[in-house]
Amino acid sequence: MFSVTYREADARDVAAIVRFQMEMARETEDLELDRATVTGGVCRVFESGTHGRYFVAERGGTVIACTLITYEWSDWRCGTVWWIQSVYVVPEERRQGVYAGLYSHIKAIAEATPRVKGIRLYVDRRNTRAQTVYTRLGMNGDHYQVFEWMKTSEQKD
């Protein structure tokens, strides 16, 4: 069996990341996303250089997991907080420490980057399995509650 490697994603990973995001929406929120919209969203991350960074886990040259880091400016900390988003591990690789390794890889980069002051994420309240993983990794959900407003699908750009 091949070991898992972790790296920053690049354009060759777009198809896998899009597929993962479509699957995650189905699994976690019973949503069927529009493939063209998701593809555009993933591609913009690579094109912009400012929206965020994807990281992937590979086994034997096959991408088996991904996550997206986006940025929040914190005036309280005079630095950037990284938000973990779009976490997905293929089902057959779950419960084998793949996400823990991906998180450790990202956390090591954050620790080595002085302007990065911390890491946050949000999780659907119903996704208790993910919450257990995040708690085991030393994260906590004690401090903030996230509120949101989103445009409906009829209110496009």
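Where is the place of Gln21? I found Gln21 in helix 1; helices here are DSSP runs of H or I with at least four residues, strands are DSSP runs of E with at least two, and both are numbered from the N terminus.

**Ground rules.** I am working with a predicted model, where local features need pLDDT of at least 70 and side-chain atom pairs count only at pLDDT 80 or more, while totals for chains, interfaces and linings use all residues. Residues are numbered from 1 along each chain as its sequence is written, and side-chain values use heavy atoms, with hydrogens and water left out.

**Gln21.** Is Gln21 buried or exposed? Gln21 counts as buried, because its relative accessibility is 8% and buried means under 20% relative accessible area (exposed is over 50%, partly exposed in between; 1.4 Å probe, protein chains only). I then listed its contacts, meaning heavy atoms within 4.5 Å. Leaving aside neighbours within four places in sequence, Gln21 touches Leu33, Val38, Cys66 and Ser86.

I followed up Ile119: apart from neighbours within four places in sequence, its contacts are Val81, Trp82, Ile84, Tyr103, Ile106, Lys107, Ala110 and Met139.

**Rings.** How many aromatic pairs are there? I noted five aromatic pairs, where rings of Phe, Tyr and Trp (its six-membered ring) pair if their centres lie within 6.5 Å; planes under 30 degrees apart count as stacked, over 60 as edge-to-face and the rest as tilted. Tyr99, Tyr103 and Tyr134 are linked into a cluster by ring pairs. I also saw Arg94 over the face of Tyr88, at 5.2 Å from the ring centre. A charge sits over a ring if NZ of Lys or CZ of Arg is within 6 Å of the ring centre and within 35 degrees of the ring normal.

**Strands.** Two strands pair if DSSP finds at least two bridges between them. Strand 2 and strand 3 run antiparallel and are joined by seven bridges; Ala57 stands opposite Ala65 in strand 3. Their hairpin has two residues between the strands, and Gly60 takes a positive phi near 60 degrees there. Strand 3 and strand 4 also run antiparallel, with nine bridges, and Leu68 has Gln85 in strand 4 as its bridge partner. This second hairpin has four residues between the strands. In its loop I found Cys78, which has a positive phi of about 50 degrees although it is not a glycine. Cys78 is exposed, at 58% relative accessible area.

**The loop between strand 4 and helix 3.** Arg95 is found in this loop. Its phi is near 65 degrees, a positive value in a residue other than glycine, and Arg95 is exposed, with a relative accessible area of 75%. Gln96 is in the loop too, but Gln96 is partly exposed, at 42%. What does the side chain of Gln96 reach? I traced it to the backbone oxygen of Glu92, at 2.9 Å. Last, I checked Gln96 against His51: they are 45 residues apart along the chain, and their C-alpha atoms are separated by 30 Å.

Technical notes
Polar contact = N/O pair within 3.5 Å; in protein donor to acceptor, adjacent residues only side chain to side chain.
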